[in-house]
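Let's take a walk through this model together, from its charged side chains to its core and its surface.

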Amino acid sequence: MSPPTIISQDPRFQLARSLLSSEDANGKSGPEAAIEIFATLLEECRKSFGETSLDAALSQYEYGNALFRAFLRTTPLDD
C-alpha cells in the first residue's frame, strides 16, 4: 500500500480541487484559478520531494486536469 501524500492535505490543494467545478461572481472560470494554485504546488513539490515523488505526480495530474477543464470551458465542441 502506498503512503499517503502530504500535498493532498494542503489547504491550497483542497481549495484548488474545489475550484475545478466552480465560477466566481465575475464569471471567471474556477479552473483558471486552480491552474495558478496547482502550478505553485507543483513547483513546491518538485523542490521539496523531488521530481518523481508521489506528491509531485499528484500535483502534476491535477495541474493537467485544471488545464483540460479550462480548455473545455473556453472551447466550443462541435456535436
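Start with Asp10: at 16% relative accessibility, this residue counts as buried, where buried means under 20% relative accessible area, exposed means over 50%, and partly exposed is in between, with a 1.4 Å probe and protein chains only. Before going further, a word on the ground rules: this is a predicted model, so to speak of local features takes a pLDDT of at least 70, side-chain atom pairs count only at pLDDT 80 or more, and totals for chains, interfaces and linings use all residues. Residues are numbered from 1 along each chain as its sequence is written, and side-chain values use heavy atoms, with hydrogens and water left out.

Back to Asp10. Its partner is Arg12: the two form a salt bridge whose closest N and O atoms are 2.9 Å apart. A salt bridge here is a side-chain nitrogen of Lys or Arg within 4 Å of a carboxyl oxygen of Asp or Glu. Arg12 itself is partly exposed, at 35% relative accessibility. Arg12 also forms a salt bridge with Glu44, and there the closest N and O atoms are 2.8 Å apart. That pair links distant parts of the chain, with Glu44 in helix α2 and Arg12 in helix α1, 32 residues apart. Helices are DSSP runs (H or I, at least four residues), as are strands (E, at least two), and both are numbered from the N terminus. Glu44 comes out partly exposed, with a relative accessible area of 34%.

Salt bridges that share partners join Asp10, Arg12 and Glu44 into one network.

Now zoom out to the fold. The protein chain has 3 helices and 0 strands, and from the N terminus on its elements run α-α-α. Of its 79 residues, 33% count as buried.

Next, look inside. In soluble globular proteins, nonpolar side chains tend to be buried together. Here the largest nonpolar core has 14 residues, and those with the most contacts inside it are Ala34, Phe38, Leu41 and Ala66. Such a core is a set of buried Ala, Val, Leu, Ile, Met, Phe, Trp, Tyr and Cys residues joined through side-chain atoms within 4.5 Å. Helices α1 (11-19), α2 (30-49) and α3 each supply at least two residues of this core, and α2 gives the most, with 6 residues. Click on Ala34 and you'll find that it touches Ala16, Leu19, Leu20 and Ala66, not counting residues up to four places away in sequence.

Which rings pair up? A search of the whole structure finds 1 aromatic pair: the rings of Phe13 and Phe38 have their centres 5.5 Å apart and their planes at 75 degrees, so the pair is edge-to-face. The rule is that rings of Phe, Tyr and Trp (its six-membered ring) pair if their centres lie within 6.5 Å, with planes under 30 degrees apart counting as stacked, over 60 as edge-to-face and the rest as tilted. This pair, too, links distant parts of the chain: Phe13 is in helix α1 and Phe38 in helix α2, 25 residues apart. Phe13 is buried at 4% relative accessibility, and Phe38 is buried at 0%.

Finish on the outside. Phe68, Phe71, Leu72 and Leu77 form a nonpolar patch on the surface, with about 410 Å² of accessible area together. Phe71 is found in helix α3 (residues 54-74) and is partly exposed, with a relative accessible area of 44%. Leu72 is also in helix α3 and is partly exposed at 35%.

Note on methods:
Patch = residues over 30% accessible without salt bridge, like charges linked within 9 Å, V, L, I, M, F, W, Y side chains within 5 Å. Areas by Shrake-Rupley, 256 points an atom, 1.4 Å probe, with all protein chains shown as cover. Contact = heavy atoms within 4.5 Å.
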